[in-house]
Amino acid sequence: MNDVRHPLLVKAAFSIGSLLFLFPIIWMALSSFKSPLDVTAYPPTLIFSPTLENFGELFGRTDFLHNTWNSFVVASGSTLLGLLLATPAAFAISWHRMSWPATVSLFARMAPGTLFLLPWFIMFSNIGLSGSFTALILAHAVITMPLALWILLPYFDGMPREVVESGQIDGCGGLSILVRIVIPMIYPGIIVATIMSFVFSWNYFLFALALSGFETKTAIVASFNFIGEGTTNWGALMAAATVIAIPPLVLTFIVQRWLVAGLSFGAVKG
Amino acid sequence: MKAIALSAIMTLAVGPVLAQDAFDWRKHDGQTINLMLNNTAWTQTLRPILDQFTEKTGIKLRTEVFSEEQYRTRLNTLLQAKSSDVDAFMTLPSREGPMFQKNGWYADLTPFLKSSTSPDYDYEGISKSLREGGVFDGAITSIPINVEGPLFYWRRDVFEKCNIQKPEFLEDLPAVAAKIKACDSSIYPWAARGLRGTVGYPLGGFIYNSGGDFKTPDGKASLCIPETIKGLQLYGELLREYGPPGATNHTYIQVIDLLAQGRVAMTNESSGDMINVLKRPERVEDIGIAVLPKGKETGISKPIVINWAVSVSNYSQKKDAAWYFLQWVTSKEVQAILADGGIAPPRASVFESEKFAKWTNENRPRSEWAKAIQEISATGSPDYQTPSLTRTPEARDILSMVVQQIVLGQADAKTAACAVTEQVQAIQN
Amino acid sequence: MQDAQPQGQTALSVRWMIVPAVLMTLAMVVFPLAYAIRLSLGGPGGASVSTENFQRLASDPVFWSALRITFGLFGMALVMQLVLGTALALLLNRYDVVRGLVRTAILSPFMLPPVVVGMVAIVVLDPGLGAANWVLQALGLPPFLWLASPQWSLLVIALIDTWQWTPFVALIVLGGLQSLPGRVYEAAEIDGAVGIRRFWHITLPLLGPTLLTAAVLRSVDLLRFFDVIYITTQGGPGNSTTTLNIYAYKLGFDFMDVGYASALMIALATIVFGSVLFFASLRRKVAW
């Protein structure tokens, strides 16, 4: 599909379109450089003298850097755990054409998050894990695992059975077929699943609000500090929001080039 | 002989023990307590001086600050789970006092007050009416940390320009707003809260000053009272005709933003935000602060006045140490420091002190503010929804819905107010 | 997976691979669910077992309104997101030249925490204070109430969600597009099917499973819609944006009516479960 006649025109159209599309994000990022009182000024100030005071407040006077690191630990941990559990499961579900396990795995995402807050808190407190990274990672894995599973399923479904069977002929067991043959073939799916899981976990605040302790508070929970009676520090809030948005964006940028057209099993089918 | 000797020995023995009972700020040196605070103006003013507590007592503080909604979610989760993770926390007795007490979440401070308090603490020095707000069935459950209430903020310069006098009576407000609208189209004549759950606070004064109440003379919860309906109508129409668009989504955040930016001429908003309005230098010159105008026919001026407070969790394992924090933060010295940050102290001694007087006299809005707060402390009431012992948030929600209907023009005041009688009586317990 | 010719050897069995995932789910979900059920059956008294809370639910007008609003929001948002998401995926697939920064940028809205989106929305969409109406006025259009309008606030919420999640759907559909078997297209071209007909009769049906995956993943979130409403309207004006989840939160955390809130949460979980089952069964039908 490379017969584009006017690549420059297309690029221009997309660039303009995406700028409009991104207006809220641009607004957010710009606001983080405005002084707090200017953020809600009307008419909106397009030209203003930028200031770094919000970031100074963020990293200097609060624990935000530490919180960002915590978010990173929790998101990575839960993504890893989610993928470890979901990948074999997706393989099994697809191969044996089962349907119920996929639905079961979504159980945790069917009930409102608030349903879990109190029972989980009690549960983790009782085994002494209250406020620990373990508790947060497990709670967030409940989000990432079904997500990864459902994203991976179509990729497994789209793989021809011959490939697996040829692996069997070679004498490989299920696990090694999965790791050595299947995964390399569907790696774009793994990549998409990883990005999505990381982002969902990174952005989720409800579980962290209840389950995190002093040392493990995540960035997004910390950003609520800036809303308050008497003064909503919009500047610092937008700065926090901008900082929070950066890692997922960077991650996407790095991996998006692997989402290229033409996957390898097009070749197998011929 | 032996008896005398024995009793002498006993006295000698007991003597030092009695002396040991003398108050020691450093009794819990080395301990750590967990503090949970709602991000109000008080909290923001307090944070920079929290290390002073640790210096004085050796008790380390682990402080968590959240905005109000998140604060409630987290606090409720911890208390419901009977967790020992929180030792001291902020609370709003007028909203949740009876509810928390019923759930057994507050620790009774009476024994601590008696035996574990610094001699110059002066519990009685805290305003009686505020103190009592935290006492349930003889148990002292919280100590007040501030006094606040909605005040009438108005733009002197706009009034001057439009040749209008400051409204003397509540019922004059619509006429004044109309004049401002005709005279200056670039400014909203009025702004006030309309967001669900938040309306009661600025609305209460309107109802009381119109001669209304949130319950019938025989004590039953109701909004279907002629004078109450008058007050509701006044508030709703003012917002509908003269308020900014989108008022039904506005809480103090937007109202104060508008006021500080100079885009609104009058409002009835929290005294706690005075400092933030005055952050803009122009406002220092042109803002006037007063108590909400009294009712014309009734002559009543009964504004809303509330206070935040601090409590010790009943599940805390360090109640005594937590009590040390409470008494420090509500002591005369700390309140005097906080007063410099615009936090109205609940202690008359601090309020009337020279230092505070100096601070409030630094500019006109401040002195007007101090006067207004003194007045509302004397004449005000903390009840701004139909009475309910443990279901106050629901009552406030119902009230907000009624007001929203009036503001949106979906129903007239009488219909809306009387339609909820059954509801509000069902939750009155 | 596609069928090959039946082989004569023993089939590969990897059923055990689902065990870890299922175990983890059950471990994390069973206790909370049991806890919630116990609370919901506890009745206002606390000790006795009764279905009082569920009966109360059935006769609660706010519940029914919340149900309508939840499904309304769900329907509007899902349709918009599936349609626009597919369109976006087709565009991205076709125009390879669009890569790098532009592609990242287009995919970025769902990277934002919904809470942040809500906060940006409060300011930008405020009828008096926000940039949105300023833009409208600059274009000569009348100002709009956005989230303050009782009639339109739900649609505005749906639009905000669509802005945010269309790229997510596009990403999933993009993956699906790229795994479509090449030979089917070759065969179709030989038959002369091109353009819209090709899309409608070939691509779309083949995208069935992918679209249903996207539908399931969006449904579980749309039916439990919470974050943006929580930050912006708190369910108002009136009850016009009170979804089931918002109502449950208010009951449980504001009004402290935990028994009733638990009953509502269980009802909501059941509704979501039903929807997932529905989509999952559809998926089996369109699988190829």
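Across the interface of chain C and chain B in this predicted model, nine residue pairs are in polar contact, both partners having pLDDT 80 or more. If you look at which parts of chain C do the touching, helix H10 (227-232) and helix H11 (244-254) are the elements that give two or more residues to the side facing chain B. Of these, H11(C) gives the most, with four residues.

One salt bridge is counted between chain C and chain B. To find it, bring up the side chains of Arg95(B) and Asp254(C), which meet with an N to O distance of 3.6 Å. That pair counts as a salt bridge because a side-chain nitrogen of Arg within 4 Å of a carboxyl oxygen of Asp is enough.

Now step back to take in this contact as a whole. Chain C brings 28 residues to it, and chain B brings 31 residues. The area buried between the two chains is about 2,400 Å², with carbon and sulfur atoms giving 53% of it.

Let us turn next to the contact of chain C with chain A. The size of an interface is often given as the accessible area lost when the parts come together. For chain A and chain C, the buried area is about 9,700 Å², and 75% of it lies on carbon and sulfur atoms. Chain A takes part with 112 residues and chain C with 97 residues.

How many residue pairs are in polar contact between chain A and chain C? The count is seven, again with both residues at pLDDT 80 or more. There is also one salt bridge between these two chains: Arg109(A) pairs with Asp221(C), and their closest N and O atoms are 2.9 Å apart. On the side of chain A that touches chain C, helix H8 (residues 133-157) of chain A gives the most, with 13 residues.

Helix H10 (174-185) of chain A and helix H1 (19-41) of chain C are the elements that give two or more residues to the patch. Take Val179(A) as one of its members: this valine is found in helix H10 of chain A. Val179(A) is classed as partly exposed, because its relative accessible area is 49%.

Conventions: Residues are numbered from 1 along each chain as its sequence is written. Chains are lettered from A and ligands numbered from 1 in the order in which they are written. This is a predicted model: local features need pLDDT of at least 70, side-chain atom pairs count only at pLDDT 80 or more; totals for chains, interfaces and linings use all residues. Side-chain values use heavy atoms; hydrogens and water are left out. Buried means under 20% relative accessible area, exposed over 50%, partly exposed in between (1.4 Å probe, protein chains only). Contact means heavy atoms within 4.5 Å. Buried area is the accessible area (1.4 Å probe) that two parts lose on being put together, summed over both. A polar contact is a pair of N or O atoms within 3.5 Å; within protein, one must be able to donate a hydrogen and the other to accept it, and residues adjacent in sequence count only if both atoms are side-chain atoms.
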